Amino acid sequence: MARGNHSSVTEFVLMGFTDLQELLFMIFLLFYITTLVGNLGMIVLIRTNSQLHVPMYFFLSHLSFMDICYSSSITPKLLSGLLAERNVISFHGCITQFFFFTFFGTAEAILLSVMAYDRYMAIREPLHYFAAMPYGVCVKLVVGSYAAASLNALVHTSGLLRLSFCGPNLVNHFYCEMPPLLLLSCSDTRLNKIVMVMCVGFLIATSVLAIVVSYTCILVTIWSICSVEGRHKALSTCTSHLMAVALFYGPSAFLYFHSFSRQAEDQGKTASVFYTMVTPMLNPLIYSLRNKEVRSILRRARNKLLSCMHFHWSCSN
């Protein structure tokens with residue numbers, strides 16, 4: 001409970017989804033397992049193959065890590081709640097969940113803009129890519145993403161801790177998110193709303209601006225490439241990133257900029273499913289299925305596994 005306030009609420013009840021709970025449990029469990037397997041597999045693949053030790057895949061490995069943590073801050077509690085009569089979370093547990101959700105979500109938003117800049121450097125300086133994006137610079141960009149995310153999460157979490165919650169304690173959502181929590185506070189939440197819109201607006205505006213500028217420069221660079229094959233190859237390296245950007249920013253922008261009302265909560269709940277579960281699940285699939293290098297490595301790993309299985313089967317017979 002926040003110090004210095006007069007909160008009487010010590011726990012919240014996450015209303016989540018009230019219909020088809022068993023079916024939703026199976027669907028969300030499948031989403032979560034796919035997210036863990038896909039992203040962990042991507043990290044292991046990148047770390048164990050020297051062919052993928054380039055800046056693009058360094059950033060992609062951190063994107064996969066963020067997706068795992070991002071999804072894990074919400075989904076296990078959601079799954080347990082779908083099987084329980086009442087999905088209860090303590091006040092401190094709610095604040096903790098909100099902090100980590102905000103932290104990893106912000107870090108991913110910033111990293112996506114960093115990855116756009118990386119794609120620009122790869123297309124602009126293909127022969128000097130490693131010199132243009134040395135390992136030290138890549139590390140600083142990732143650390144900067146985590147640092148900015150920490151600051152943003154601390155600002156919003158501190159804002160929640162200054163509020164009083166006197167009841168009711170029913171959160172019309174499946175995790176502790178800012179808009180539905182503000183509707184439950186008996187304090188003046190105008191400052192929280194202003195800070196949230198300003199911070200989220202600044203984050204989305206600067207990140208999207210960085211992506212737009214990077215891709216404008218990419219298009220200008222591609223236009224100067226003479227061969228059609230060269231242009232196609234350059235564009236193909238960007239399509240996976242653009243799909244990940246669209247999946248992430250679309251639902252998140254809707255979530256934070258729709259009106260603060262009870263009716264809008266139900267719409268925000270649906271958008272949040274894409275934002276918190278579908279996007280982390282699809283990111284490794286997008287990058288693996290649309291990337292020739294990853295597909296080639298996966299094919300070799302599959303063939304090697306099948307050869308080993310055939311060898312052991314032959315020996316056993």
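This is a predicted model: local features need pLDDT of at least 70, side-chain atom pairs count only at pLDDT 80 or more; totals for chains, interfaces and linings use all residues.
**Notebook: helices, core, cysteines and rings**

Started with helix 1, where I find Leu 24, Phe 25, Phe 28, Phe 31, Tyr 32, Thr 35, Asn 39, Met 42, Ile 43, Leu 45 and Ile 46 buried.

Next I checked the length of helix 1. It runs over residues 21-48, and its 28 residues at 1.5 Å a residue should span 40 Å. The end C-alpha atoms are 40 Å apart, so the two agree.

Then I looked up the record. The unreviewed UniProt entry annotates "transmembrane region" at residues 23-45, 57-75, 95-117, 129-149, 194-226, 238-258 and 270-289. I took two of these spans and compared them with the model. Residues 57-75 are 89% helix and 0% strand, with end C-alpha atoms 26 Å apart. Residues 95-117 come out as 100% helix and 0% strand, and their end C-alpha atoms lie 34 Å apart.

**Core**

Which residues have the most contacts inside the largest nonpolar core? I get Phe 12, Phe 28, Phe 59 and Leu 160, in a core of 86 residues. Helix 4 (residues 91-124) gives the largest share of this core, 19 residues. Phe 28 is also on my list of buried residues in helix 1.

Leaving aside neighbours within four places in sequence, Phe 59 is in contact with Leu 111, Val 114, Met 115, Asp 118, Met 133, Cys 138, Leu 141 and Val 142.

**Cysteines**

How many disulfides does the count come to? I get 2.

The pair Cys 94 and Cys 176 has its sulfur atoms 2.0 Å apart. It links distant parts of the chain, 82 residues apart: Cys 94 sits in helix 4, and Cys 176 in the loop between strand 3 (170-171) and helix 7 (178-184). The S-S torsion is about -125 degrees, so I wrote this disulfide down as left-handed. Buried or exposed? Cys 94 is buried, at 0% relative accessible area, and Cys 176 is buried, also at 0%.

The other pair is Cys 166 and Cys 186, with sulfur atoms 2.1 Å apart. Cys 166 is in the loop between helix 6 (135-161) and strand 3, and Cys 186 is in the loop between helix 7 and helix 8 (190-223), 20 residues apart. Here the torsion is about 55 degrees, so the disulfide is right-handed. Cys 166 is partly exposed at 40% relative accessible area, and Cys 186 counts as partly exposed at 42%.

Numbered in sequence order, the bonded cysteines pair 1-3, 2-4. I also looked up Cys 217, which is partly exposed at 28% relative accessible area.

**Rings**

The count of aromatic pairs comes to 17. I picked Phe 12 and Phe 165: their ring centres are 5.5 Å apart and their planes are at 90 degrees, so I logged the pair as edge-to-face. Phe 12 lies in strand 1 (residues 11-14) and Phe 165 in the loop between helix 6 and strand 3, so the pair ties together parts 153 residues apart in sequence. Phe 12 is buried at 1% relative accessible area, and Phe 165 is buried at 2%.

Last entry: Phe 17, Phe 28, Phe 31, Tyr 70, Phe 101, Phe 174 and Tyr 175 form one aromatic cluster. Phe 28 and Phe 31 were among the buried residues of helix 1.

Note on methods:
Residues are numbered from 1 along each chain as its sequence is written. Side-chain values use heavy atoms; hydrogens and water are left out. UniProt positions are given in the numbering used here, feature names are shortened, and annotations may be inferred rather than shown by experiment. Helices (H or I, at least four residues) and strands (E, at least two) are DSSP runs, numbered from the N terminus. A nonpolar core is a set of buried Ala, Val, Leu, Ile, Met, Phe, Trp, Tyr and Cys residues joined through side-chain atoms within 4.5 Å. Buried means under 20% relative accessible area, exposed over 50%, partly exposed in between (1.4 Å probe, protein chains only). Contact means heavy atoms within 4.5 Å. The expected span of a helix is 1.5 Å times one less than its number of residues. A disulfide is a pair of cysteine sulfur atoms within 2.5 Å. Rings of Phe, Tyr and Trp (its six-membered ring) pair if their centres lie within 6.5 Å; planes under 30 degrees apart count as stacked, over 60 as edge-to-face and the rest as tilted.
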